Amino acid sequence: MRFLRVLLLFLVSVFITSLVMGQTTPAPDPPSATDQGATRDLKAIQQKGAQAAVTIPRSYAVVIGIATYKNLPASAQLEFPNRDAEDIYAALISPEGGQFPAENVHKLINDRATVANIRHEIEEWLPSVTKENDRVLIYFAGHGFVSSGKGYLAPYDVDIHNVANSAYPMDSLGAVIGGKIKGKWKVLITDACHSGAITPEADRKQVNQTLLDVQKSLFSLTASRDREQSFESEKWGGGHGIFTYYVVKGLEGEADTNGDGVVDADELGEYVHTNVRLATDARQNPTSERGSFDPNMVLAYNATRVKANLPPPQYGNLIVEANMDNTEVWIDGRSAGIVNKDKPLRLPGITPGAHTIKGIHLGYEPDGPREEQVYPGQDTTVTIRMLIARRASRAAVDEFDKGIEFYNKGFEENYKKAADHFERAIQIDPKYSQAYLYLGRVENALFEDQKALTALKKAIEIDPDYMEARSGYAAALLDAGDLDESIRQLNVVTRREPDRGTAWYLLSQAYARKGDFPDGKTSALTAIKLTPKNAEAHFWLAECLRQLKEPTEAMQEYNSYLLLSNFDTGKAGQLNYYVAGYLLGMGRKKRAAQTDIWKELRGQANLGLCDSEYMEKQLDPAIRDCNVALTYLPNDLFTNYRLGVLYSEKFNQQQSLGLLAAAKTHFDAAIAANPDANEADRARKYVKNIDGVLAQVK
């Protein structure tokens, strides 16, 4: 009886501890101070030659773009809202644009933009994270329409026969922005009513006016007014809604009419309205509510554009031609799009004056940079000619090939020899971008992080459209902990080459490590669709699913990873699994060799299985898989802590003191692994309870 009474006390204390402390699951890679980024807090930026500083508040955004609709006929589908949303996203996270932290910008593109997901992001996520001094932006591109006198935004799964339950009401949007979402600067940008396929001509006035009236305390910018239609076409930047094209150009700095580096709400509204009206012969007139928002609202900031005050410009247009398909156009150091030889790239809304133009194509010497004058109200045609093929000298190629031979053998000694050959190739031919790429890879394998970043960045400087090198640079940034810049680089790659599976896998890892598990899940699913045998894509999908509380699906993906990576990485193993570019972005600072990376990931996968099984209350399989994880990671804090909890719960079921002793062993190991961790603090409480039980039994 005494034993049962002591046991009951232990059970109650464990239950209370669980309620108070919670049973948190370990995140894939907890964000460090570097991961967080300075833009999480208020950031003051001193303008050049100015007295006042520009303050960028903590910022959050939801970006929605729907081109294809699940339940609408082919005639009602759109072309470019998904591209519009991707470009808005890129402009917001750019350090020369909106300066939003990437993990604070949630995207809902096409089939992710269901009414349930839109409600979750706007009505739950934004109210849960925003504070009074924040900047908040919501962007929507897609259909908008009216039903029974009410305005709605059309989600991916809209049913026009049941609008009230399948679309998102604009009055709900207004109530949430005005009441639940906090922030001193609130922005609503809507590019709705792309076509008349859904919205009757008589209803457009109500749609657009509803968007403007949504909440008077914010800056709202809508694509058109009254009964107007919002247009989309390939004529604007290769394919965009005309309204969003100018919103993006404005955020990139073209709307900065006074030259202070800041794009404020008034400037963006005026820039977009003026250019859209001119481009459509006044058939489309964007409208903004400009009466009550803070005139100091900063939508974007680029210090490099700070200049002396100039009179407001009349904008000009660039028409770019090329002699080769897939030529990338750069204007003033920024990529402006892709031009093909039979389809000129039209870039309206360019500030008059001198601009540097450069055309690049992988394997060719660039055309430019050269200066071209843009004149107000006129078209300026620029022809890019890619003529000189870049070929490395025979001697440089020979050195490169020798380096590849050693690189493919793996291991530290061979990597050092490979690096020597790659460096000789670069000495012979300083523009040998491929040699810089592989030098960066071996430096990363040798844990020379800064050297790796320098080499990979140089490869991109030589060939800016070398997407393999850009992916490698992003992967090295992952290893260095610069997740924001990694996401920006990978965003360029996936938009330019959407079929590059490795880039999507790396993007899934970056999002997961930032804690943006929905975007991590989407990126991992895309990677698996493109490269089903990419084991790490399955691993990061599993990590995201686990954090999203989808344990059954997570277990399937962990098992897929373990099956695909089930080999020995010793000398008889499949070393090419790593050397084919997977080494970059794979490990953390503590890794010491390929074998260690393999062990770490397999340990994490077994821990993920264990934790997912714990969520499903499958205690025996969870204990088994956590013990397997310890064979790879014997001193891992999370694994030992989870095993301690599991053995405690098994004790609760079976009342075996041996289970209690095992629980204490693992809690002690968790404390020893990191005494300052939250799990260690919880483990101490468990150990105290266990010691009390064991003392009473004795």
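Start the tour by selecting Cys610 and Cys626, the two ends of the one disulfide in this predicted model, a disulfide being a pair of cysteine sulfur atoms within 2.5 Å. The two sulfur atoms are 2.1 Å apart, and the angle about the S-S bond is -85°, a left-handed link. The pair links distant parts of the chain, with Cys610 in helix α21 (residues 594-615) and Cys626 in helix α22 (residues 619-632), 16 residues apart. Helices are DSSP runs of H or I with at least four residues, strands are runs of E with at least two, and both are numbered from the N terminus. Are Cys610 and Cys626 buried or exposed? Both cysteines are buried, where buried means under 20% relative accessible area, exposed means over 50%, and partly exposed lies in between, with a 1.4 Å probe and protein chains only.

Before moving on, note how to read the selections: residues are numbered from 1 along each chain as its sequence is written. In this predicted model, local features need pLDDT of at least 70 and side-chain atom pairs count only at pLDDT 80 or more, while totals for chains, interfaces and linings use all residues, and side-chain values use heavy atoms, with hydrogens and water left out.

Next, select Cys544, another cysteine, which counts as buried because its relative accessible area is 0%.

A pair of aromatic rings is described by the distance of the centres and the angle of the planes. Rings of Phe, Tyr and Trp (its six-membered ring) pair if their centres lie within 6.5 Å, and planes under 30 degrees apart count as stacked, over 60 as edge-to-face and the rest as tilted. The structure holds 14 aromatic pairs; in one of them, the ring centres of Phe400 and Tyr432 are 5.3 Å apart and the planes stand at 35°, so this pair is tilted. Phe400 lies in helix α10 (residues 394-407), whereas Tyr432 lies in the loop between α11 (412-428) and α12 (433-445), so that the pair links distant parts of the chain, 32 residues apart. Phe400 is buried at a relative accessible area of 6%, and Tyr432 is buried at 9%.

To show the whole aromatic cluster, select Phe400, Tyr407, Tyr415, Phe422, Tyr432 and Tyr438. From Tyr438, go to Arg441, whose charged end sits over the Tyr438 ring, 4.8 Å from its centre. A charge sits over a ring if NZ of Lys or CZ of Arg is within 6 Å of the ring centre and within 35 degrees of the ring normal.

Finally, select helix α24 (residues 657-673), where the buried residues include Leu659, Leu660, Phe667 and Ile671. Displaying the whole chain again brings back 25 helices and 22 strands, and buried residues make up 57% of its 698 residues.
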